[in-house]
Amino acid sequence: MLWKRGGGVNSGDAALNGPRSRREFVCRRGDGFVTLSEVSMKNLFLCLALAAPVACLAAERVAPDRLTVPPPWRGVHLMAPDGRQLPLVQRAIREKLAPLGVNLIVLEVNYRFAWRSHPDLADGGAITWEQARAFAEVCREHRMRLVPLFNCLGHQSWAARTAPLLTRHPEFDETPRIPADNRGIYCRSWCPQHPVVNTVVFALMDELLEAFAADALHVGMDEVFLIGHEQCDRCRGQDPAKLFARAVNDYHRHLVGRRKVEMMLWGDRLLDDTVMNYGEWEASRNGTAGAVDLIPKDIIICDWHYEPRAEYPSVPFFQEKGFRVLPSSWRNRDAALALLDYARAQDRGKVVGHLGTTWSGADAIARALLGEGGEPPGQVRQIVAALEACLKRLAGD
Ligand SMILES: [Zn+2]
């Protein structure tokens, strides 16, 4: 059912990325890395000429204050509101979520950010760098790990509206001949094999990490249905599992390899529905599941399931594969508690906590938590009730 949800720096920019080894410093330009020992004198001067903006960027970093919170994580996933609504959300964090023991916020930003590298990719109500810093500061004050989420590969449209990346760069579209109103599809995807797409995507990832002073990024990648599509000259006929794994590995190489942060990922495309029997949303029927054996094991899998079940076989499955698992629930209180309890009973040392998803604007969730703004809509009421029940269960009530 459709009721769930609803690089480097630009060519004109550069960053010294710190010591990669004892003897190398990396100068990052575009999507490539070169060590100083490899660059010509000409390029060395270019690096030096670009040092001033680099120094400015570094001065704005709050990276030294990054807060790594050890598990167990008591997490809440929030959909970024209009930036002007963030103070309301921050108040809910202080007054409600902190007392409930929350120590992880996954903030789904997507394109709702005032990108400095790509201003044309900002969605309406974009969060500014200053607002992001203020939000990060509140999370840090309350010892909450803040992980921005940027939907990669899939979810590039919602209903008739296409997100800014494919609107501005239709050449990245996996299905360029699907009508602009997205009739007949769930969500658009970008092509994981387009030679330029990652240059843009990595720059966006870098900005989110910097602005939110984050030590991890959630790359989304749930419900990717359009992959290896016949409309894509690069991907037509190729194995969806390998294509999905290629994308995961590209993002991992950038985030974990270059940026030295952790990576989170929704788990559904890694589950074979013929084995799991979760259905085509919570597991894969489109050939991507084999990717589970083709990606690094240090990725944290957010294993989302929203229906009540006697067993959630993906929880032991991901652990057996070597992954850490963050079980993720939604609005059905009984289902949320069932998943939480099952995962704790099945913990083989790799269940790192629990994540309550919300899938409503964080401003609406904040008002409901605070008991302000009148009676919340029924769904928001359910979401908050399920969330509070999980947090109390985690606190030992
Ligand atoms: Zn493609």
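Predicted model: local features only at pLDDT ≥ 70, side-chain atom pairs only at ≥ 80, totals over all residues.
## Strands S4 and S5

Strand S4 (73–79) and strand S5 (residues 104–108) run parallel and are joined by 5 bridges, where strands are DSSP runs of E with at least two residues, helices are runs of H or I with at least four, and both are numbered from the N terminus. Residues are numbered from 1 along each chain as its sequence is written.

Strand S5 is mostly covered, since 5 of its 5 residues are buried; a residue is called buried if 20 or more other C-beta atoms lie within 10 Å of its own, exposed if 12 or fewer do, and partly exposed in between, with C-beta atoms placed from the backbone. Leu 104, Val 106 and Glu 108 are buried on one side of S5, and Ile 105 and Leu 107 are buried on the other.

## Helices H3 and H11

Helix H3 (residues 86–97) packs against helix H11 (residues 362–370) at an angle of about 40°, with the axes 9 Å apart. The axes are lines fitted to C-alpha atoms over the stretch in contact, and angles run from 0 to 180 degrees between N-to-C directions. H3 and H11 are therefore oblique to each other, a word for angles that are not roughly parallel (under 35 degrees), roughly antiparallel (over 145) or roughly perpendicular (65 to 115).

The contact is made by Leu 88, Val 89, Arg 91, Ala 92, Glu 95 and Lys 96 of H3, together with Ala 362, Asp 363, Ala 366, Leu 369 and Leu 370 of H11, where contact requires C-beta atoms, placed from the backbone, to lie within 7 Å.

## Backbone features in loops

The peptide bond from Pro 71 to Pro 72 is cis, with omega near 5°, and Pro 72 is found in the loop between helix H2 (51–60) and strand S4.

Asn 182, in the loop between helix H5 (164–168) and helix H6 (197–211), has a positive phi of about 65° although it is not a glycine. Asn 182 is partly exposed, with 18 other C-beta atoms within 10 Å. Trp 359, which lies in the loop between strand S13 (353–356) and H11, is likewise not a glycine and has a positive phi of about 55°; Trp 359 is partly exposed, with 19 other C-beta atoms within 10 Å.

Note on methods: Contact = placed C-beta atoms within 7 Å. Pairing = 2+ DSSP bridges.
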